[in-house]
Amino acid sequence: MGLLGPIRCSALRVAIKPTIRAFHLSPARRLPFPTPPARAVAAPSVGDFAPKDGERVLNSPSELARRISAKVLPKLPRADVRKVVMVGSGGLSIGQAGEFDYSGSQAMKALREEGIDAVLINPNIATWQTSHQLASEVYFLPISVDYVAYVLEKERPDGILLTFGGQSALNVGIELDRMGVLDRLGVQVLGTPIRTLEVSEDRDLFNQALKEIDIPVAHSTAVSSVPAALAAAEKIGYPVIMRSAFTLGGLGSGFANNSDELRDLSARGLSLSPQASVLVERSMKGWKEVEYEVVRDGADNTIICCNMENFDPLGTHTGDSIVVAPSQTLTDDEYHMLRSAALKVIRHLGVVGECNIQYALNPTSREYCVIEVNARLSRSSALASKATGYPLAYTAAKLALGYTLPELPNAVTKTTTACFEPSLDYIVTKIPKWDLAKFSTQVNREVGSAMKSVGEVMAIGRTFEESLMKAVRMVDPRWVGFEVFGKRMEKEQLDYALSHPTDMRLFAIAQAMYLEGYTVDQLHDLTKIDKWFLYKLENIVQTHRALTAAGSVDAIDKDLMVRAKRMGFADLHIASLISSTEDTVRAHRKALGVTPFVKRIDTLAAEFPAHTNYLYTTYNASEHDVEFDEHGTMVLGSGVYRIGSSVEFDWCAVTCARSLREQGLRTVMINYNPETVSTDFDEADRLYFEELGWERVMDIYELEGAEGVVVSVGGQLPQNIALRLKNSGVNVLGTDPEQIDNAEDRHKFSSVLDSIGVDQPAWTEATSVEDAKAFAQRVGYPVLIRPSYVLSGAAMNVVFEESALEYNLSAAASVSPLHPVVISKFIDGAQEIDVDAVAYKGKLIVHAVSEHVENAGVHSGDATLVLPPFSLTPSDMARLKHIAEKVAAGFDISGPYNMQIIRKTSDTPGADAELKVIECNLRASRSFPFVSKVLGHNFIQTATAAISGRNVPEPVDVMAQLRDYTSIKVAQFSWTRLGGADPFLGVEMASTGEVASFGKDVHEAYWASLLSTTGFKVPQERSGMLLGGDISKPEMRTIAKTLSDLGFRLYCSSTIVEEFLNGLPYVSAKRIFFPTKDKRKLREVFDEYDIQCVINLAQARGKSVTDEDYVARRNAVDFGLPLLNNARTAQLFVESLAKKIPQGGLRKYSEGRIPPEVKSWREFVGVRA
C-alpha cells in the first residue's frame, strides 16, 4: 500500500503557482451555533510532527506518512477569504429541487469549519440552509443578476460560490462576470472558474473543447432561430434532439422526427432559453445512458466518486429515469473506457470541485458520446453522495477554498483521506416521483428529454430486486412492489405504453410479464431496456408465482419466506397474494426466524475499519454491522418530495432531531429521500435510509429498542401509520394517535368541534348522487365535493350548479355506500386564514396567524400568505387565539398543529365576522418554517419540547408584538414543465415549492416575493398586457385602470372583455387575432404586440384545449411570460407595480443604488433568529 496510506487517487500532481490577487478583508463575526454537527476529524495522530507554514500534509495517523507528504504535496495557496456569498437555487421547481438545499447546507458546514462568514441569498424560506445555524446572514431575495449584484454591493464579500445553487446560481454568476461586477467589487469566484462554467453550458464551446482532446460528442449545431434549426436538422438528418442552452432539467428540449415537430419545439425552446439559443443534435434514442460523478482539486488530483446507469435507455431525461448505482450492465472494458474519458474531460475543462458527466453508450458496440457535463453540484451529485456515503458538496467546498484531496479526511469514515474512490457492497435504486395525476386530464403523461418528476426516492439493498421493490413502495404507499397496478390495457395500448414511456411504464412492464406472458426478448425490443434488468424483474415474477401457488401462510416454509424477503417482497405484498393479513404474515415470518439485518454504509465496502451511523436493512446478509445499545428516539421523516409535502417538512425533521440532541437524547432518523438534509450522515446519531411504512418502522423500533417515535414533523406519511403504531405497542410521543384519528375522520372531527363550541361549514357524507343533490339544494350552491374514490383528474372541486355536480359525481368519480363523498357548503368570497400553533397537554404555548391574499377556494399550499396579517382586526385576532386554545384543549394536543379558518364578513352591520374551522391537522404544517423565520420564534423547537415533555417553555403570544415589516410567502409553480396542464388555481394543490421575501409593507414584500419565483420576468415599461377572464370580478376594473395609467398597452381576445375594458373611463384596449390551435402563429401575435404579461381571471378551468382563457394561460407559461391567474393577487401585483415604478423598480442594476427591500433577515427581524 505504500507509506502514503490507502490512496486510490488518479494523480498527485505538482501545482503551477497561480497569480494571487489582493482582496480586502472583512471583519470576522462570531457565530452562535447551538448545535454544531460532528466535524470530520481524522483518526488520532501518532507522533508530534507538525507542518511548517505553507506545507500541505496528508491526512493520515502515521507520522512517517505526514513527514514524507509535507515534502511532496503541492503547496497550493488557500483562498484568502473571510466572507463568502453563497448563491442558492430559489423555490423548489421541477428540475431544481431539494438537492440544492442539501448541497448548499453541506458547503456552508465546510465554510463554518474554516471560520468563514457565509452570506446566503435564497428566497426559499422552507429550507434548512436558510437558517442562522449555517449562514451568518440570509437574504430572502430573488436569485437574479440584479438582486445578487445589490447584495454583493452591500455586503462586499471576498468570494462567491456559484456551483451549489443549481442552474439559477450558475446563470447569475456567468452574467455578473460578463457585466464586470465581480471584478469591480474584487469578488473572487471560488472553485470552478467562470470560463469553465461557460464552456460547459454553451453547447458550441463545449463541443469544440471536447474535439480538442478527441472525445466524441453528438453531431450538433447551435442555432438562434427557427429557420436555422430546420436547416441544421436537414443536414444532420432526422430524428434529432433539440436542447435549450442555460436551462435546467432539460427545459424546452425534446425529440423531433420531422420538420413540423421541430418548428414547434424550437419556437418554444428559443423562448425559454436565457441566451435565446438552442442546439440541434443527432438523436441516439435507445442507447444506454451512464453517468460518472468526478471530483478534482486545484492540484489536478482527480477521482471518480460514483458511476450510475439508467434503467431507462437514452431518450428519457435522467431525472425521470430509474437509476442504479453502481452500474450493472457495463463490461469492465466499457467501465474503464468511460472512466478514463471522464478524467480526461474534467481535467481539460479545468473543473475544481465536483461535476457530473453523462454519456450515451451504444449497446451493440464500443461507440459512445458525451451528452453533457454539469460543472456544478447537481441532482445526480446528491444521489451519488447518499448512494456512496461520500460527502461531495462538503468536499467540493473545501476544494474551492484551496485544499487538496489528500489533505482532507473522509468525512464519513474519519480513518481515510478524501482522495479515495468509494467502493459499494450494495446496490442503490432511484425511482422518480411524478405527480401528474394531480393535474387536469389535458396534461401529457409521456416522459422524454424534458424532466417532469417532482421528487425521487433512493432504496438500498444487496440485490437489484430487493432495492427495486423497496423503491417502488417508497414512491407511493399504495404500491406494494413490482405488481400490476391500474386498469388492464388492450394489447395495442400496452405495446404503445411500453415503447412510449409514461410515468407508469414500470407497471406496464408488470402487466406484460404477469398477465400477458411477454418474454424478456419481446420486452427488450419494445422498451430497449437492457435484458439484465428485465431478467431481474423476471426473478420477481417467478417468486410472486411461487407465493401465489403456496396459497396460505402455513404453506410458506422458511426457504420460500427467505427467498421472498431477499427479493424485496413486503409482508403486505405476500399477504395480498395468499388472502391473508400483514400482521399474520409478520408473525409467521418472525416465528420462522426470518428478520432483517442492519448493515452500514462506510464508503469502503468494509475494506478498512469504519464507524459510521449510516444504515440500511437487508435480508441478504447473515449478521448485523451495529450493536443496538443506544435506545434512541426515532424521528420519522417526510419521504419523497411531492406536491403537498416538500422541503418544509425536512426543515421540521432536522430541527426536531437537533432539538432532541440538545436535550441530551440519542436520535434515530428514518427517511429515504436523497435530496434532504435529514439524510445527511451527521444530522442524527443513527440514520436509516429506509422505508416509512409500518413494517419497516416496526422492524427498526424493535431492533433499536427505541424510547419512542415522533410522528408529527414529517407531514402526512408518518401520521398515516400513527394509530397502528400505537396499537402495536409503540410509544408514540406527543399527541395521542387516537386524537390524530379524531382529527382525520370527518365525523369524529365534526363532533369534537361541536362539543367545544367551534363553528364549521355545513357538511354531509353522501352515498348517492340524489343525496348530494338534496344537500346542495338545502344549503345552496356553491358546494365543495371531495370524492373518496376518484376515476380521473382532480379529487376536489367547487361546484356552482347541479349539472356540474352530476358530472363530477358520475363521470369523474363513483359514489356509493362503499365510496361515499364528503360535500360541504362552500362559502364564496370568504377570506382564508392559517393558524399554526404548539400546545402542551391541551394548553396553547405559541401560535401564529397568517392571512391569505386569495379568497377561499385556492388550496392553502398554492395561496399567497401574509404575516403579520394586514387586514384582521384586534377582535378577530383575539377570537382566532381563543379558537386555537379550544382546539388544543378539545384534542388534548401535545405538539404542533395547524388550522385553516374561513372568515366571512357578517351581513349585520357592526357584528363580528363569522369564523369557521374547515380543517385541522395535528402535526407540523408546510407553513411552520415560514412563521418560525418571520416571527423569529422556532415553532418546531417549542413543539419538540412539548412532544418530549422536557423543558417545555411558558406560553408566549408572539402575535401581540408589533412589527415594522411584513413577509409574504408565494407559491412556486412548474407549469412550464407540464405540457397541456391548465395553469388554474383551485382547491387541489398544484405548486411544487414556495418562496418568501420581506419588506416594509405588503407591496414591497410582494414585489420581492413574486420576483423570487423562478423564471419571473418583470414586464418592461409601455409593453403589452393581455387581459381576459371573468369581467364580473370587481378587481378587473381597478387592474385595467391602473395598468392603463402606468402606460401599459392593454389587449384582449374576446369581444365581451373588449367592450368591458373600453367602457371604462380613460381606458383603451385592443382586441387581437388569437389563434387557439396554432402555437407558432400565436407566438408571432405575442411578439407583434410585445405582450410581456398575461392576466387571466377566469372563474373555472378551460373546458377544452381551444378555450380562449385556457390558451392564454397555457401559452403564457409556454412562452416564459408572467401569468397572474387570481383576481386578488393580480390586483396586489398591479398596486406593487405602481409603487415600484417611481422607485426605479423596472430599471436594471446600476452601481451605488440599492433598493429598500435589500436587507438581511436579521436586519428585518431585529435578531439572529
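This is a predicted model: local features need pLDDT of at least 70, side-chain atom pairs count only at pLDDT 80 or more; totals for chains, interfaces and linings use all residues.
1. Phenylalanine 1119 is buried, because its relative accessibility is 4% and the cut-off for buried is under 20%.

2. Phenylalanine 1119 pairs with phenylalanine 1086: the ring centres are 5.4 Å apart and the planes stand at 75 degrees, so the pair is edge-to-face. Phenylalanine 1086 belongs to helix 34 (residues 1079-1088), while phenylalanine 1119 is in the loop between helix 35 (1108-1118) and strand 38 (1123-1124), so the pair ties together parts 33 residues apart in sequence. With a relative accessible area of 1%, phenylalanine 1086 is buried. The ring of phenylalanine 1119 also has a charge over it: the charged end of arginine 1083 sits there, 4.7 Å from the ring centre.

3. The structure holds 26 aromatic pairs. Another of these is formed by phenylalanine 928 and phenylalanine 939, with ring centres 5.9 Å apart and planes at 90 degrees, so this pair is edge-to-face. Phenylalanine 928 is in helix 29 (residues 928-935) and phenylalanine 939 in helix 30 (residues 939-948), so the pair ties together parts eleven residues apart in sequence. Both phenylalanine 928 and phenylalanine 939 are buried.

4. Ring pairs also build a cluster, made up of Phe140, Tyr965, Phe998, Trp1161 and Phe1164. Elsewhere, lysine 398 lies over the face of tyrosine 403, and the distance to the ring centre is 5.4 Å.

5. For the helix packing, helix 7 (residues 203-212) packs against helix 10 (residues 332-349) at an angle of about 115 degrees, and the axes are 10 Å apart. The crossing of helix 7 and helix 10 is right-handed. Helix 7 contributes Phe206, Ala209, Leu210 and Glu212 to the contact, and helix 10 contributes Val345, His348 and Leu349. Sorted by class, the contact of helix 7 with helix 10 has five nonpolar residues, one polar and one charged.

6. Most peptide bonds are trans. The bond joining tyrosine 238 and proline 239 is cis, with omega about 0 degrees. Proline 239 is in the loop between helix 8 (226-236) and strand 7 (240-244). The bond from tyrosine 781 to proline 782 is also cis, with omega near 0 degrees. Proline 782 is in the loop between helix 26 (769-779) and strand 24 (783-787).

7. On backbone phi, most residues other than glycine have a negative value. Arginine 156 is not a glycine, yet has a positive phi of about 50 degrees. Arginine 156 is in the loop between helix 3 (145-155) and strand 4 (159-161), and its relative accessibility of 36% makes it partly exposed. Lysine 528, likewise not a glycine, has a positive phi of about 65 degrees. Lysine 528 is in the loop between helix 16 (520-527) and helix 17 (531-550), and counts as partly exposed at 43% relative accessibility.

8. Proline 363 is in the loop between strand 13 (353-361) and strand 14 (368-374). At 47% relative accessibility, proline 363 is partly exposed. Leaving aside residues up to four places away in sequence, proline 363 touches Gly286, Trp287 and Lys288.

Notes: Residues are numbered from 1 along each chain as its sequence is written. Side-chain values use heavy atoms; hydrogens and water are left out. Axes are lines fitted to C-alpha atoms, for helices over the stretch in contact, and angles run from 0 to 180 degrees between N-to-C directions. Helices (H or I, at least four residues) and strands (E, at least two) are DSSP runs, numbered from the N terminus. A crossing is left-handed if the near helix is turned anticlockwise from the far one by less than a right angle, and right-handed if clockwise. Contact means heavy atoms within 4.5 Å. Ala, Val, Leu, Ile, Met, Phe, Trp, Tyr, Cys and Pro count as nonpolar, Asp, Glu, Lys and Arg as charged, and the others, Gly among them, as polar. Rings of Phe, Tyr and Trp (its six-membered ring) pair if their centres lie within 6.5 Å; planes under 30 degrees apart count as stacked, over 60 as edge-to-face and the rest as tilted. Buried means under 20% relative accessible area, exposed over 50%, partly exposed in between (1.4 Å probe, protein chains only). A charge sits over a ring if NZ of Lys or CZ of Arg is within 6 Å of the ring centre and within 35 degrees of the ring normal.
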